[in-house]
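Hi,

Here is the structure I promised to pass on, with some notes on what turned up in it. Have a look at it first, then read on.

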Amino acid sequence: QVQLVESGGGLVQPGGSLTLSCAASGFTFSTYYMTWVRQAPGKGPEWVSGIDPSGSITRYTDSVKGRFTISRDNAKNTVYLKINSLKPEDTALYYCARAIGYSSYVRPWGQGTQVTVSS
């Protein structure tokens, strides 16, 4: 079965940086697009970023462009999200998910990793 395990979140001051990781198993990782999705308390999920199976092409929602970088290592079955210049509005539970396109993510997601941006 599909397993996705996110890690790397934490409490960070505005302007700080984090790198999130997602370890994947239970499917042929290199054949899927991978995405990051976040969900703030009381809100629905928001697609953040996606990367094609080869890791060559990336896409981002407008609010994170220039600050977030998605990458993947197919040999390690791992997808990453490097986050710079964190803002309070980035506070959310961040999930990774496999997808059939840059933003067409499917369940199951991982358990999520919490990113909290606060001074």
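**A salt-bridge network, a sheet and a core**

Let me start with D90, which makes a salt bridge to R67, with 2.7 Å between the closest N and O atoms. D90 sits in the loop between β8 and β9, while R67 is in the loop between β6 (58–60) and β7 (68–73), so this pair ties together parts that are 23 residues apart in sequence. Both D90 and R67 are buried. For D90 the relative accessible area is 0%. Before you read too much into any distance, keep in mind that this is a predicted model.

D90 has another partner too: R38 forms a salt bridge with D90, and here the closest N and O atoms are 3.0 Å apart. This one also links distant parts of the chain, since R38 belongs to strand β4 (residues 33–39) and D90 to the loop between β8 (78–83) and β9 (92–99), 52 residues apart.

R38 in turn reaches E46, again through a salt bridge, with the closest N and O atoms 2.8 Å apart. Is each of these two buried or partly exposed? R38 has 6% relative accessibility and counts as buried, because the cut-off is under 20%. E46, at a relative accessible area of 30%, is partly exposed.

Put together, the salt bridges with shared partners join R38, E46, R67 and D90 into one network. The count for the model comes to four salt bridges.

Next, the nonpolar core. The largest one has 26 residues, and those with the most contacts inside it are L4, W36, F68, V79, L81 and Y94. Which strands each supply at least two of its residues? They are β3 (18–25), β4, β5 (46–51), β7, β8, β9 and β10 (113–117). The largest share comes from β3, with four residues. As a general point, nonpolar side chains in soluble globular proteins tend to be buried together.

F68 is worth a click, as one of the residues with the most contacts inside that core. Leaving out residues up to four places away in sequence, F68 touches R38, V48, Y60, L81, K82, I83, D90 and Y94.

One more residue to look at is S49, found in strand β5. S49 has 0% relative accessibility and counts as buried. What does S49 touch, not counting residues up to four places away in sequence? The contacts are M34, T35, W36, R59, Y60, I70, L81 and Y102. Among them, W36 and L81 are also on the list of residues with the most contacts inside the core.

Cheers

Key
Residues numbered from 1 in each chain as written. Predicted model: local features only at pLDDT ≥ 70, side-chain atom pairs only at ≥ 80, totals over all residues. Heavy atoms only, no water. Salt bridge = Lys/Arg side-chain N within 4 Å of Asp/Glu carboxyl O. Buried < 20%, exposed > 50% of the residue type's maximum accessible area, 1.4 Å probe, protein only. Core = buried A, V, L, I, M, F, W, Y, C linked by side-chain atoms within 4.5 Å. Contact = heavy atoms within 4.5 Å.
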